[in-house]
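Keep the structure open while reading.

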Amino acid sequence: DAEVALVGRSNVGKSTLMRELTGHDFDTGGSPGVTREPNHYDWASEDFVITDLPGFGFMSGVDEDHREQIKTNIVHYLEEYAENVLVAVLVVDGKSVIDIIDRHSGPDEIPYDVEMFHFLRDLEIPVVVAVNKMDKVDDRDERLNELCDRLGLYPPWKQWQETIAPITAKQGQIEPLNEAVREHLHEQQRDDL
Ligand code: GDP
């Protein structure tokens, strides 16, 4: 089955977004790190499944080894199913993503989100970055431009609307994400003709 994969750190709002996308209820606000296996659900109106991959990165109560294991599983899953994955949605928290990226940037360190973005691109999976919790962000354009910069995309972000999708999942404001995903799906259908 054609597949859209959702990846992201824990607590960025992946379950909330899944609920919006699928109409199913998910365990939100539950204990971090609970979703560990890939889950498949049908995307409401479109003809593909959506896979919720486990949250990665820091989770309170989950030790380092376990976190690494989760990340390794995600990487293996994506490598194995790259052929099927039409689009990957990398969910980030718009409020904290720049701070987190900058905190983890250094000579020997690549932040998870940036690493995942490039990893997906290396697998030739089109990536849409769903920048969630935009209701908490005041300097919207500036924040999104900074994110482009950190991901190696030349700002302004408005040039990247197929890649950068500001959303507020909690309020059901996810149209930019739907648009971006649709664009990629249609592009690929055209390529297949
Ligand atoms: P997950 O761990 O990535 O699955 O994250 P959840 O979906 O459980 O959400 C984590 C927290 O972020 C919850 O308290 C949600 O209510 C909150 N949240 C999710 N989406 C939004 C949003 O668009 N705006 C705001 N302000 N909070 C959100």
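Helices and strands here are DSSP runs, numbered from the N terminus; a helix (H or I) needs at least four residues and a strand (E) at least two. On that basis, Glu 124 sits in the loop between α4 and β5 (127-132). The model is a predicted one.

Glu 124 is not a glycine, yet its phi is positive, about 60 degrees. Its relative accessible area is 71%. The cut-off for exposed is over 50%, so Glu 124 counts as exposed.

Lys 133 also has a positive phi without being a glycine; the value is near 65 degrees. Lys 133 belongs to the loop between β5 and α5. Is Lys 133 buried or exposed? Its relative accessibility is 18%. Buried means under 20%, so Lys 133 counts as buried.

Pro 155 and Pro 156 are joined in cis, with omega about 5 degrees. Pro 156 is in the loop between α5 (140-151) and β6 (164-166). Why list these spots? Because most residues other than glycine have a negative phi, and most peptide bonds are trans.

**The ligand site**

How many residues surround the ligand? The count is 16. The closest are Asn 11, Lys 14, Ser 15, Thr 16 and Asp 135. By class, the shell has nine polar, five charged and two nonpolar residues. Helix α1 (residues 14-22) gives the largest share of the shell, with three residues.

| Residue | Protein atom | Distance to a ligand oxygen |
|---|---|---|
| Asn 11 | polar backbone atom | 2.8 Å |
| Lys 133 | side-chain N or O atom | 3.0 Å |
| Lys 170 | backbone N or O atom | 3.2 Å |

Taken alone, the ligand exposes 580 Å², and the protein buries 80% of that.

**Salt bridges**

The structure holds ten salt bridges.

Asp 113 pairs with Arg 9, with the closest N and O atoms 3.3 Å apart. Asp 113 lies in helix α4 (residues 112-122) and Arg 9 in the loop between β1 (3-8) and α1, so this bridge ties together parts 104 residues apart in sequence. Both partners are buried.

Asp 52 pairs with Lys 14, and here the closest N and O atoms are 2.6 Å apart. Asp 52 is in strand β3 (residues 49-52) and Lys 14 in helix α1, so the pair ties together parts 38 residues apart in sequence. Asp 52 and Lys 14 are both buried. Lys 14 is also among the residues closest to the ligand.

Arg 182 and Glu 175 meet through their side chains, at 3.6 Å from N to O. What is the accessibility of Arg 182? At 27% relative accessibility, Arg 182 is partly exposed. Glu 175 is partly exposed as well, with a relative accessible area of 41%.

Salt bridges with shared partners also join Asp 102, Asp 149 and Arg 150 into one network.

Note on methods: Residues are numbered from 1 along each chain as its sequence is written. This is a predicted model: local features need pLDDT of at least 70, side-chain atom pairs count only at pLDDT 80 or more; totals for chains, interfaces and linings use all residues. Side-chain values use heavy atoms; hydrogens and water are left out. A residue is near a molecule or strand if one of its heavy atoms lies within 4 Å of it. A polar contact is a pair of N or O atoms within 3.5 Å; within protein, one must be able to donate a hydrogen and the other to accept it, and residues adjacent in sequence count only if both atoms are side-chain atoms. Accessible areas come from the Shrake-Rupley method with a 1.4 Å probe; for residues, only the protein chains shown count as cover. Ala, Val, Leu, Ile, Met, Phe, Trp, Tyr, Cys and Pro count as nonpolar, Asp, Glu, Lys and Arg as charged, and the others, Gly among them, as polar. A salt bridge is a side-chain nitrogen of Lys or Arg within 4 Å of a carboxyl oxygen of Asp or Glu. Buried means under 20% relative accessible area, exposed over 50%, partly exposed in between (1.4 Å probe, protein chains only).
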